[in-house]
Every structure is written in C-alpha cells, then in structure tokens.
Amino acid sequence: MNSIDHHLSLFPPLIQVGHAEQFTQSGKTLLSAQSPLNQSYAVFPSARKDAPSIKASDVEEQPIFFASSETSPSSERRLFIGDTSIIFAALQNLTNTAQSRGQQWLHSQETHNVIRKLTLDYVNFTRECWIHTSSQGSSQFSGDHYRSLYTCLALFAVLYVPEYGYEDAPVGDDLMEWLNVHFIEPSTEEGDHLSGLDRPWEDETFWPYLVRVTLRGLSKAATFFLATLSTHPSDNLRRLAQRLSPLVQSQPHLQSFEAERDFAYASHRWKDKVKALRIELDSVSESDRHDGIENWWDRLSDIVGILEGRNEVIRRVCEDLGADWREISVSWGVFADARLRRQDLPEVASQVLDDMPQDPTNLEDMVHAALFSGDPAKALSHAAQLDPWLAAHMADLMQSLSLIEKDANEDSGLSVRDFYVLGYAQYLHVDPALWRITVAYMFSCGETGVRSADEALMHVPLKLRSVGSITHSQGEQNGADNLKSGDLAGVVKDINATCYEYQREEVRRTICRIAAQTFVQEKEYGLALSYSSSAEDWPGLGRVVDRVLQEYINAGPAQFIRYVAGIAPSLQALRMQSGAQGIFVHRLMFAVRYAEFHQRLGNQDLQDAAWDLVSMLQDGLSPKSWWAVLLCDSQQLLQHDATLLFPYAGACVLLQHLEEVIARTDQGSGDEHLRILVAKLGSGGTTEALHALQGVRLSLAKYFARCTMIGTGGKQTLERKFIAAV
C-alpha cells in the first residue's frame with residue numbers, strides 16, 4: 001500500500017455501496033485486528049458498545065475479512081523471488097549438511113568456496129534484475145531499487161566473502177573496483193568532451209577530471225590526459241607531467257603479485273619515487289605555477305598529494321569534487337594505507353563518517369556505512385527497511401559465515417537470522433500463489449518457523465484464481481474444473497507433497513480434511529472420499545457418504561447414481577485398508593448397493609433389483625433410518641403384475657422390517673426410523689410417512705395372497721439365492 005493510501009478495499013464488499021447508513025443503524029461497527037507477523041488485518045462487523053444488547057438467539061454468524069496493506073509481488077518481482085529462492089535452497093542444503101558433518105566442515109575451504117559462489121549468484125541476479133527493470137517502462141520496483149540491492153550485496157561480498165585465504169589481505173583495490181563499478185565518476189561524456197579539444201587544459205573541467213581519474217585509480221585515462229600536457233606552454237608542467245605519467249601507470253596492485261610481501265616492497269619503492277616527484281614539484285618557482293587560466297601547480301600538487309597518501313589532501317579533494325564518505329574511505333585504502341585490511345576498515349570508516357556522515361534518508365547509504373563499519377546487525381536493520389528480501393538473504397549468509405549470533409533471543413525466541421527470514425516469509429505470504437516458496441523459508445526458521453509454515457499450509461487457497469477477472473457463473477463452473485484433475489492432483493497434491501517433504505503428517509491430514517470439505521462443496525464426492533481416506537478421517541468419510549445419500553433425497557435416483565459412480569472405486573481400497581473403521585465403510589457399501597439397486601430398477605432388471613433390496617435389509621447393510629425408504633421402494637416391485645419378484649421368505653423380511661419401523665415409531669423412536677423418508681416425501685411429516693408405510697403394508701398383504709394362490713414365490717424364484725438364505 002502506498003504511503004498516500006489510507007484505506008483497504010475488501011472483496012467482496014463488507015458493506016455495499018449506499019448501505020453505510022443502514023449498517024450504522026443496525027447497531028454495528030467495524031473492528032480490525034492486525035497480525036503480529038505482517039501488515040495483514042482481520043476486519044469484521046461487531047455490535048457497538050452503545051447499541052442495545054442482543055439476545056443470544058438473535059446472534060448470527062458474522063464474516064471475517066482478511067486484507068493486507070502489503071502489495072502483492074508483480075510478475076517481474078515473482079520471477080526475481082523464484083530465481084533467488086533456488087540459491088536460498090542451495091545454501092540450506094549446505095547448512096543441513098554441515099549439521100551432519102560438523103561445524104569444522106562449515107568453515108573449510110570447500111564450504112567457503114560454495115558460500116562465495118552462492119553470494120555471487122545473488123549479486124548477479126540482482127544485477128540482471130536491475131538491468132531488466134531499468135529497460136521497462138514501469139515496474140513495481142524501480143530499476144534504481146534493484147541497483148541498490150546490487151550495490152549492497154556486491155559490497156557485502158567484497159568485505160565479508162573474499163576468496164578463501166584472502167580474508168587478511170589488503171582490501172583497498174577490491175573496494176576501489178567496487179566503487180568504480182557501482183558509482184561511476186567521472187562520466188564518460190566528460191572524457192569524450194575533453195578528448196575532442198586541441199587544448200583541453202583550457203577547459204574548466206580538465207583539472208577536476210584529471211584529479212578524479214587519478215583518485216579513482218583510472219590510470220589509462222589519467223596517463224592519456226597527462227600526455228595532452230606535452231603541448232602546454234609551461235616547460236615545468238610538461239616536464240612534471242611526463243614524470244608523473246609513468247608513476248600513475250605503475251602504481252603497484254596486490255593482484256599483480258604472488259605474495260603480499262612483494263606487493264609491500266614494490267609499494268614502498270613506488271612511494272619513494274612519488275616523494276622524489278614531490279621534491280621536484282616543490283622546486284618550481286611561484287611565478288611559473290600559473291598559466292593565465294589555472295594554477296596548474298595546485299592541481300598537480302593535489303594529484304601528487306593523493307599518490308603520496310596524504311589524508312588531508314584526499315579529504316579536501318573529495319569535498320571539492322562533491323565525493324562522499326565512501327570515496328574517501330576507499331581512497332584511504334588505496335593511497336594512504338595500501339595494506340589496509342578488512343578488520344581495520346571500521347576504524348577508518350568511523351573517522352571519515354565523523355566528519356562526513358552518511359545520509360540518514362538514504363537506506364542504501366546506511367547499509368553501506370554499516371558494512372564499512374563492521375556492524376552486520378545494523379546493516380540488516382537498514383536492509384530490512386530497504387527490502388525484506390535483502391535482509392533475509394544477507395542474514396542467511398551472515399549466519400553461515402558466523403557474522404551474527406546464532407542463539408535465539410529470549411523475548412522473541414528467534415535468532416537474528418530467523419527473525420529476518422521469517423519477516424521476509426510473511427511478506428511473501430501476502431501472495432497466495434507463492435505459498436511453496438513461503439513455507440520453504442518458514443521451515444528454515446526453527447520451531448517458530450515450523451508453526452508458521454503449518455498455519456500457512458493449512459490456509460493455502462484451493463482455488464488460486466483472480467476473483468475479479470471472472471463472473472459468478474464462470475466461477476461456479478471453473479471451480480470444479482480447477483479442482484478436479486485426479487485423486488491427488490492440483491494444489492492439494494502439491495501441498496501434500498510439501499507436507500511429506502517436511503514430515504508434517506498431522507498438517508497433511510488436516511489439509512486433506514479441509515480439501516475433502518471443499519470437494520464436498522463442489523460435489524466432487526469421489527475426490528472428497530479419497531482425501532478423507534488419506535487423512536484417515538473416518539467420521540469425515542461418513543459425512544461424505546451421507547452427502548451422497550442426501551443427493552438421492554434432493555435430486556432423485558439418476559443424479560444419485562452418477563455421484564455414487566464417482567465414489568464406488570474407493571470401496572475396494574477401503575475394505576483392504578486395515579485402519580479403516582468398519583461402520584463408515586459399511587455406510588459406503590450401502591450407498592454403492594443402493595445405487596446399484598436403482599440402476600437395475602431403471603434398467604427394468606426387476607428380479608435382481610428385488611434381490612438387492614431384500615439382501616440390503618437381511619444382511620444389515622441398510623441403516624435403520626433408511627429402512628422406511630427401502631420399504632417404500634419395494635412397493636412397486638410388490639405390485640408388479642407379470643411375476644412375483646420376491647420369494648416368500650423375502651417378503652417376510654420386508655414385513656418384519658415394516659413391523660419394526662411402525663412399532664418403534666409408536667414407542668417414540670419415529671425420528672430415528674422415519675426422518676429420511678419424511679425428508680424424501682417433503683412437507684407431510686410423520687403422518688405422511690406412516691401413510692406411505694401403510695400403503696406398503698397393503699401391498700405386502702396382497703403379495704402374500706398372490707403367493708398363497710400360486711405357490712411360495714412361484715417357480716421362477718425357486719432357484720435364486722433366497723432358498724439358501726432360508
């Protein structure tokens with residue numbers, strides 16, 4: 001949310017446009033609660049304190065809206081987050097390996113080289129993102145933002161992740177290279193302008209340019225423009241420039257030597273030559289130090305003073321050129337103390353910053369100052385304000401390098417590293433599509449992170465689509481399409497895989513239960529049953545079966561048969577599953593058998609339908625609450641004129657269950673035995689249900705009469721299984 005925004009938009013709206021007054025008159029107000037972990041809020045309606053008290057019976061459930069003041073990452077930001085998360089995962093693998101191989105291995109050359117390589121990978125990714133965003137018309141984060149990340153990580157790599165064995169080596173040349181790459185001065189345009197002039201020293205920018213390229217160690221540019229002075233009217237300047245040029249070009253650099261001792265010796269001899277030039281420069285008379293345009297002697301003296309490493313000259317020149325504390329500190333390590341080491345840099349930076357402090361409004365400047373000052377903790381604090389991504393990944397690297405404390409804070413229970421990584425994970429949590437990356441960061445943060453990851457996994461939206469981009473009708477249709485892609489597929493399948501990866505079995509089961517409920521809402525009963533089984537949620541499985549049976553009441557046999565076809569394949573697997581609770585599997589078996597009964601009934605396979613009906617009652621497969629429904633189903637079979645479909649024993653089973661239902665109802669247990677039939681019949685209640693059962697009794701009486709007239713059940717039933725059952 002931008003700083004100019006003072007509101008959060010809720011979707012769908014909690015209060016419709018034009019209904020604010022009506023909402024106020026209802027005695028309600030809006031309350032909100034901020035998450036302690038990020039900038040998200042829970043917004044909900046509540047009764048005003050001055051409103052009349054509401055009876056408990058009048059209280060209705062109120063919706064809770066979740067909103068965030070954080071802006072979800074854009075596509076280019078997501079790409080950056082995803083690419084760098086791979087580097088983060090590689091570092092986690094390294095630290096996990098160190099736990100098994102010991103801390104000594106973590107500080108070995110092999111490990112250091114890997115950490116350095118991963119650090120440089122971060123540097124390169126931020127550089128690429130800076131170049132990409134700079135070329136785009138508009139981005140969520142500007143190119144300058146990624147440039148700041150680039151400079152901070154590159155400086156961190158120079159100061160804290162040098163090549164193995166160079167930790168105690170002089171750092172000046174490395175810092176000068178960093179400065180020249182990230183803060184280019186002087187500009188190429190200035191050099192092009194001066195190089196096109198016949199007498200460049202007459203231009204007012206000539207001497208500042210020459211001093212600046214010398215200060216930056218740009219020897220080629222310096223020697224080129226010193227050579228242009230060969231046509232200057234002053235003999236002394238021509239001679240001194242000719243002497244100065246090879247000195248600038250021959251300044252020793254550490255990378256040119258095999259050993260630091262050789263570098264130190266060469267630097268000492270070079271400084272002697274600079275001193276000799278100083279003596280020669282000082283011998284120039286006052287009258288010949290000005291060429292009518294500029295006091296060339298003062299300018300040349302500044303250049304020689306820089307090469308001599310005079311601190312006061314370097315500071316004054318930097319101030320005159322508009323340079324900042326960085327340039328003074330780096331120049332110190334190149335000219336004033338060529339053997340300046342990393343552990344000594346904070347003292348130098350402290351002296352410089354006392355006279356020329358960093359810009360407190362510039363977070364990039366603050367991070368640089370903290371890194372120069374050897375204060376990683378302060379660098380992380382400023383980095384978190386600049387970008388939580390930067391703080392998280394720098395903290396991760398710092399802990400691997402033992403630059404920050406690994407022990408948890410007593411108040412928060414988090415280490416420094418975990419604090420910043422978890423903060424970044426909460427930033428990612430704003431975007432539901434990034435849940436995989438979010439939990440990966442969370443799981444790396446100890447027990448607190450694990451608990452956060454568990455909650456994040458259990459709240460991953462199963463419908464990851466833009467609600468604003470589709471209509472309601474499209475949403476209803478696309479909902480099932482998005483979810484149905486196999487027994488374990490889509491988002492839920494990925495969540496399950498993540499739970500397996502991090503060994504979060506209880507969370508996985510909870511998610512499967514949530515998924516099952518979602519699939520039930522979408523009437524994807526086969527998937528709901530599968531996830532209930534995966535969660536070993538047997539009561540939940542029973543509720544799924546109950547919903548399928550309810551479809552028979554609501555939609556009739558045809559729709560019921562289609563829904564059962566989706567859950568029937570699970571029956572065999574559940575019967576083989578040792579942990580499955582029989583009562584719920586039994587209920588599933590009934591639903592499958594009952595659907596088969598109606599399918600046979602619809603196909604006019606009446607003989608088998610009659611056998612199914614009796615066996616469901618006789619074998620105890622049918623719940624008591626469904627007995628009355630099955631008895632009513634038998635009526636059309638009892639009234640079939642062409643043939644007697646039930647054997648005498650089968651008809652007796654029907655009569656026995658009918659008498660029990662009626663007797664239990666008379667004893668006050670009507671709700672247990674008649675509620676399904678009452679629901680099926682509609683608004684007639686118990687009276688209509690009993691009337692329907694009386695119709696079944698009459699049909700049975702007529703059936704028994706027919707059996708007496710032609711023999712028990714007729715010849716067509718003598719060979720059926722009922723004989724064995726009797």
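Visitor: What should I know before reading the values?

Guide: The model is predicted: local features need pLDDT of at least 70, side-chain atom pairs count only at pLDDT 80 or more, and totals for chains, interfaces and linings use all residues. Residues are numbered from 1 along each chain as its sequence is written, and side-chain values use heavy atoms, with hydrogens and water left out.

Visitor: How many helices and strands does the chain have?

Guide: Helices (H or I, at least four residues) and strands (E, at least two) are DSSP runs, numbered from the N terminus. This chain has 34 helices and three strands.

Visitor: How much of the chain is buried?

Guide: Buried means under 20% relative accessible area, exposed over 50%, partly exposed in between (1.4 Å probe, protein chains only). Here, 46% of the 726 residues are buried.

Visitor: Why is helix α8 largely enclosed by the rest of the structure?

Guide: Nine of its ten residues (206-215) are buried, so the rest of the structure largely encloses α8. Among them are Phe206, Trp207 and Arg212. Just after α8, glycine 217 has a positive phi of about 70 degrees.

Visitor: How do I read a salt bridge?

Guide: Side chains of opposite charge can pair when their charged atoms come close. The cut-off: a side-chain nitrogen of Lys or Arg within 4 Å of a carboxyl oxygen of Asp or Glu. The structure holds 38 salt bridges. Take lysine 117 and aspartate 121, paired at 2.8 Å, N to O. Both lie in helix α4 (109-135), four residues apart, about one turn of the helix.

Visitor: Where is arginine 289, and is it buried or exposed?

Guide: Arginine 289 sits in the loop between α11 (260-282) and α12 (296-308). Arginine 289 counts as buried, at 11% relative accessibility.

Visitor: What does the side chain of arginine 289 reach?

Guide: Two backbone oxygens: that of aspartate 282 at 3.4 Å, and that of valine 284 at 2.9 Å. Contact means heavy atoms within 4.5 Å. Leaving aside neighbours within four places in sequence, the contacts of arginine 289 include Glu294, Trp296 and Trp297.

Note on methods: A polar contact is a pair of N or O atoms within 3.5 Å; within protein, one must be able to donate a hydrogen and the other to accept it, and residues adjacent in sequence count only if both atoms are side-chain atoms.
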